[in-house]
Amino acid sequence: MLEIRSEENGSEVVIYIEGRMDTNSSPKVMEEVEKYVNTAQKIILDIEKVDYVSSAGLRVFVMADQQIIANGGELNVRNVANPIAEIFEMTGFNNMLTII
């Protein structure tokens with residue numbers, strides 16, 4: 001099960017994601033990102049409580065990054081747990097995303 005919560009602070013939005021980012025849940029994450037992609041200068045995805053990311057989940061990171069950059073904003077990913085960090089390293093996402 002996936003839980004998503006967002007906090008707006010001026011032009012910055014933090015989206016907290018908890019659970020599994022898989023084929024079924026990843027579209028919900030993208031929907032949440034799309035709510036802010038045109039208005040936020042910075043979107044931070046806090047994935048401290050994400051315990052699994054499938055290829056569909058990885059695709060969300062790429063699509064979100066591309067959309068926010070196209071709108072002149074910035075995407076950051078923070079609190080990446082070791083299992084997810086390993087996936088990012090194996091796939092090269094650690095070089096594609098801004099991880100803080």
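**Helix H2, length.** I checked H2 (residues 55–70) in this predicted model. At 1.5 Å a residue, its 16 residues should span 22 Å, and the end C-alpha atoms are 23 Å apart, which agrees. The expected span is 1.5 Å times one less than the number of residues. Helices are DSSP runs of H or I with at least four residues, strands are E runs of at least two, and both are numbered from the N terminus.

**Ground rules.** I number residues from 1 along each chain as its sequence is written, and side-chain values use heavy atoms, with hydrogens and water left out. Local features need pLDDT of at least 70 and side-chain atom pairs count only at pLDDT 80 or more, while totals for chains, interfaces and linings use all residues.

**Ends of H2.** I looked at the start of H2. A side-chain oxygen of Ser54 comes to within 3.2 Å of the backbone nitrogen of Ala56. After H2 comes Gly72, with a positive phi near 80 degrees.

**Buried face of H2.** Which residues of H2 are buried? I list Ala56, Gly57, Leu58, Val60, Phe61, Ala64, Asp65 and Ile68. Buried means under 20% relative accessible area, exposed over 50%, partly exposed in between (1.4 Å probe, protein chains only). Their cover includes E2, H1, E3, E4, helix H3 (82–91) and helix H4 (93–96).

**Glu34 and Ala64.** I found Glu34 in helix H1. Glu34 has a relative accessible area of 40%, so I call it partly exposed. The C-alpha atoms of Glu34 and Ala64 are separated by 7.8 Å, although the two residues are 30 apart along the chain.

**Strand pairing.** I traced the strands next. Two strands pair if DSSP finds at least two bridges between them. E2 (residues 12–21) and E3 (residues 42–53) run parallel over nine bridges. Val14 stands opposite Ile44 of E3. E3 also pairs in the parallel sense with E4 (residues 74–78), over five bridges. There, Lys42 has Glu74 of E4 as its bridge partner.

**Crossovers.** E2, H1 (residues 26–36) and E3 form a right-handed β-α-β unit. E3, H2 and E4 form a right-handed β-α-β unit as well. Right-handed means that, with the strands pointing away from the viewer, the path from the first strand over the helix to the second runs clockwise.

**Asp46.** Leaving out residues up to four places away in sequence, Asp46 touches Val14, Ile15, Tyr16, Ile17, Arg78 and Asn79. Contact here means heavy atoms within 4.5 Å.

Note on methods:
Polar contact = N/O pair within 3.5 Å; in protein donor to acceptor, adjacent residues only side chain to side chain.
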